[in-house]
Amino acid sequence: MAHVTLNSDLPGITGLLNTWPLPGEPIRDLTQYILRGENSLSEGERELIASMVCVGNSCQFCSNAHIAAAARYIGSKETVNAILQQPFGGEVDNRIAHLLEISGAVGISGSLVTESMIESAKQAGATDLEIHDTIMIAALFSFYNRYVDGLATDLPENESYYEMLADRLTTSGYVRKESA
């Protein structure tokens with residue numbers, strides 16, 4: 001049960017954003033921009049970055065939601081989990097593996113990002129913009145994880161909720177004008 005009274009039966013961050021739409025709208029807009037806007041990182045790569053942070057922060061709702069969304073782009077939850085467990089295992093190119101390493105560090109503390117991590121990512125082909133966007137995604141999802149878990153939001157009653165949510169996130173994105 002959430003630490004605060006919500007006027008929405010929806011689990012996770014959606015219940016929070018629906019209860020408090022004034023801060024919810026810019027949160028959704030920023031998420032839409034950074035995860036679905038034009039970018040040299042694919043939508044799947046950006047969902048992997050979000051997933052890496054959520055898993056690292058042990059945020060169950062966000063981990064399940066973004067692994068399901070990443071799987072829509074990457075192929076399967078098993079593949080996504082394999083990548084998250086071993087970024088340098090050959091499932092993704094070294095550029096993405098290094099960006100995932102950076103995102104994992106940011107998820108704990110931005111100060112854990114080292115010059116060596118940045119240089120390795122650049123040597124693997126990552127651009128300054130991709131490094132920036134990786135760190136922005138990681139910081140954003142660290143905030144979301146703390147928001148969701150800090151207020152003890154509910155998990156969905158049925159695991160199939162994550163599949164429905166992944167369908168919506170990969171087709172309609174993160175901006176919502178109505179509750180659902």
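Me: A cavity is a set of grid points where a 1.4 Å probe fits but cannot get out. In this predicted model, how much space lies in the largest cavity?

Reply: About 220 Å³ of space lies in the largest cavity. The structure holds 1 cavity of 30 Å³ or more.

Me: What makes a residue part of the lining of that cavity, and which of them are the closest to its centre?

Reply: A lining residue has an atom within 4 Å of a point of the cavity. The lining of the largest cavity has 17 such residues, and Ile13, Thr14, Leu17, Leu169 and Tyr174 are the closest to its centre.

Me: Which helices supply at least two residues of the lining each?

Reply: They are α1 (12-19), α2 (21-36), α4 (60-74), α8 (128-150) and α9 (160-171). The largest share comes from α4, with 4 residues.

Me: How do the residues of the lining divide into nonpolar, polar and charged?

Reply: The lining of the largest cavity has 11 nonpolar residues, 3 polar and 3 charged. Tyr counts as nonpolar by the rule used here.

Me: Why is the pair of Phe61 and Tyr162 called tilted?

Reply: The search of the whole structure finds 6 aromatic pairs. In this one, the ring centres of Phe61 and Tyr162 are 5.8 Å apart and the planes stand at 50°. A pair needs centres within 6.5 Å; planes under 30 degrees apart would be stacked and over 60 edge-to-face, so the remaining range is tilted. The value of 50° falls in that range, so the pair is tilted.

Me: What makes this pair a tie between parts that are apart in sequence?

Reply: Phe61 belongs to helix α4 and Tyr162 to helix α9, so the pair ties together parts 101 residues apart in sequence. Both Phe61 and Tyr162 are buried.

Me: Why is the pair of Phe143 and Tyr147 called stacked?

Reply: The ring centres of Phe143 and Tyr147 are 5.7 Å apart, with planes at 10°. The cut-off for stacked is under 30 degrees, so the pair is stacked. The two residues are 4 apart in helix α8, about one helical turn. Phe143 and Tyr147 also belong to one aromatic cluster with Phe141 and Tyr144.

Me: Is Phe143 buried or exposed, or partly exposed, and how do you know?

Reply: Phe143 has 41% relative accessibility. Buried means under 20% and exposed over 50%, so Phe143 is partly exposed. Tyr147, with a relative accessible area of 18%, is under the 20% cut-off and is therefore buried.

Me: What makes the phi of Ser58 worth a remark?

Reply: Most residues other than glycine have a negative phi. Phi of Ser58 is near 55°, a positive value. Ser58 sits in the loop between α3 (43-56) and α4. With a relative accessible area of 60%, over the 50% cut-off, Ser58 is exposed. Ala152 also has a positive phi, near 50°, and is found in the loop between α8 and α9.

Me: How do you know that the radius of gyration agrees with a compact globule?

Reply: For 180 residues, a compact globule would have a radius of gyration near 16 Å, and the protein has 16 Å, so the two agree. The C-alpha atoms fill a box of roughly 50 × 30 × 30 Å along the principal axes. The secondary structure comes to 9 helices and 0 strands. Of the 180 residues, 50% count as buried.

Methods. Residues numbered from 1 in each chain as written. Predicted model: local features only at pLDDT ≥ 70, side-chain atom pairs only at ≥ 80, totals over all residues. Heavy atoms only, no water. 1 Å grid on protein atoms, 1.4 Å probe; cavity = no way out; pocket = protein on both sides within 12 Å on 5 of 7 lines; lining within 4 Å. Points joined across faces, edges and corners; volume = space filled by probe spheres on them. Buried < 20%, exposed > 50% of the residue type's maximum accessible area, 1.4 Å probe, protein only. Rg over C-alpha atoms; globule rule 2.2 N^0.38 Å.
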